[in-house]
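Trainee: I would like to learn how to read a protein model feature by feature. Could you take me through one slowly, giving the general idea before each case?

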Amino acid sequence: MARHQRARLPLAVALASTLVGLGAAAPAAHADAPKKPAKTAKPAKPAAKKKGAKVDCAKVKCIALTFDDGPGKYAGKLLDTLKKYDVKATFFLEGQYVKSRPAFAKRMAVEGHELGNHSYTHPNFREISDQEIVDELKSTHDAVVKATGKAPTMIRPPYGEFDSRTVSVAAEMGLPVVLWNGGSRDWATKNETAIYKEVLRNAKRDGVILMHDWVPATVTVMPKLLKELKRQGYHMVGVSSLLRNGKKLQPGEIYPQVKQEELESPPEDMQSPEDGT
Ligand SMILES: [Zn+2]
């Protein structure tokens, strides 16, 4: 019986491909024969993603990797890795480094990554005046536009610290406030194995992971980390791609919805120690 079926298979394949080629549905009786998925058919496995194709996070397992405080010194190497693995990320840029490393910012935009506004000098937004919040965000917005030709599409306040004043300014600028729900502790450990384990421990579907491109170990562990995340079925996308059914982040919206006190972020004396500018 099995032998008989096997013997018939080539004919079934030929028939199925002919019918698919003619635009007709393949016969249900030969559903096990390899065929191109018809429009209504659910592929058993997500089809291999074409390079640069848009990912639908309602259908596949997604995660958003985010990199703060850049463009850092090692952003070029990180961008090479992201490109090699056809992965999109979100960069929350600091205006002062956009000014000093405009070419990296430009590359991020050109290579399809999402850009966020992470202030100009990285102050704690709870501790500065309303006007200073506006100035930090507007000057960074301008620096990003100047370097990349694109405006940042979201705001991440330094240390995840903010109050209603930041939300108001974000709403006025038409931007959401984007936080995270999974840390890497890369700023604390600066160790490849520790970062790898911490990211995998915090990885979950539609998660937003916080990392820093000024930490050398974050950049060097990235190929290994991306390979493992892919093996676990994750698609790495920009934050805005996590939203389902064509939904968009709204001005003043806080996403993902996490409590500020639960955010684990670097202490204020640990920010961007790499920079000599
Ligand atoms: Zn930061």
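Mentor: Let us begin with burial, where a residue is buried if 20 or more other C-beta atoms lie within 10 Å of its own, exposed if 12 or fewer, and partly exposed in between, with the C-beta atoms placed from the backbone. Of the 277 residues of this protein, 36% count as buried. Please keep in mind that this is a predicted model, in which local features need pLDDT of at least 70 and side-chain atom pairs count only at pLDDT 80 or more, while totals for chains, interfaces and linings use all residues. Residues are numbered from 1 along each chain as its sequence is written.

Trainee: How many helices and strands does the protein have?

Mentor: Helices (H or I, at least four residues) and strands (E, at least two) are DSSP runs, numbered from the N terminus. By that rule the protein has nine helices and eight strands.

Trainee: Is strand β1 enclosed or open, and which strands are joined to β1?

Mentor: Nine of the nine residues of β1, which spans residues 62-70, are buried, so this strand is largely enclosed by the rest of the structure. For the second part you need the idea of pairing: two strands pair if DSSP finds at least two bridges between them. Strand β6 (residues 207-212) runs parallel to β1 and is joined to it by six bridges, and within this pair Ile63 has Gly207 as its bridge partner. Strand β2 (residues 90-93) is also parallel to β1, with four bridges, one of which sets Thr66 against Thr90. Finally, two bridges connect β1 with the parallel strand β7 (residues 235-236), where His235 is the partner of Cys62.

Trainee: Which strand pairs with β3, and are the faces of β3 covered or open?

Mentor: Follow the pairing step by step: β2 and β3 are parallel partners over four bridges, with Leu93 bridged to Asn117 in β3. Strand β3 is in turn paired with β4 in the parallel sense over two bridges, and here Asn117 stands opposite Ile155.

Trainee: How should I describe the way in which helices α8 and α9 cross?

Mentor: Start with the axes, which are lines fitted to C-alpha atoms, for helices over the stretch in contact, with angles that run from 0 to 180 degrees between N-to-C directions. The axes of α8 (residues 192-202) and α9 (residues 216-231) come within 9 Å and cross at roughly 45°. Angles under 35 degrees count as roughly parallel, over 145 as roughly antiparallel, 65 to 115 as roughly perpendicular and the rest as oblique. The helices α8 and α9 are therefore oblique to each other.

Trainee: Which residues of α8 and α9 meet?

Mentor: Two residues are in contact if their C-beta atoms, placed from the backbone, lie within 7 Å. On the α8 side these are Glu192, Ile195, Tyr196, Val199 and Leu200, and they meet Ala217, Thr218, Thr220, Val221, Lys224, Leu225 and Glu228 of α9.

Trainee: Where is Gly95, and is this residue buried or exposed?

Mentor: Gly95 belongs to helix α3 (residues 95-100), and with 25 C-beta neighbours inside 10 Å it counts as buried. Leaving aside neighbours within four places in sequence, Gly95 is in contact with Ser119, Tyr120, Ser139, Thr140 and Ala143.

Trainee: What should I look for in the backbone itself?

Mentor: Most residues other than glycine have a negative phi, and most peptide bonds are trans. In this model a cis peptide bond joins Gly70 and Pro71, with omega about 0°, and Pro71 is found in the loop between β1 and α2. Another cis peptide bond joins Tyr255 and Pro256, with omega about -15°. Turning to phi, Tyr159 has a positive value of about 60° although it is not a glycine, and Tyr159 lies in the loop between β4 and α6. Lys190, which is not a glycine either, has a positive phi of about 50°, and this residue is partly exposed, with 14 other C-beta atoms within 10 Å.
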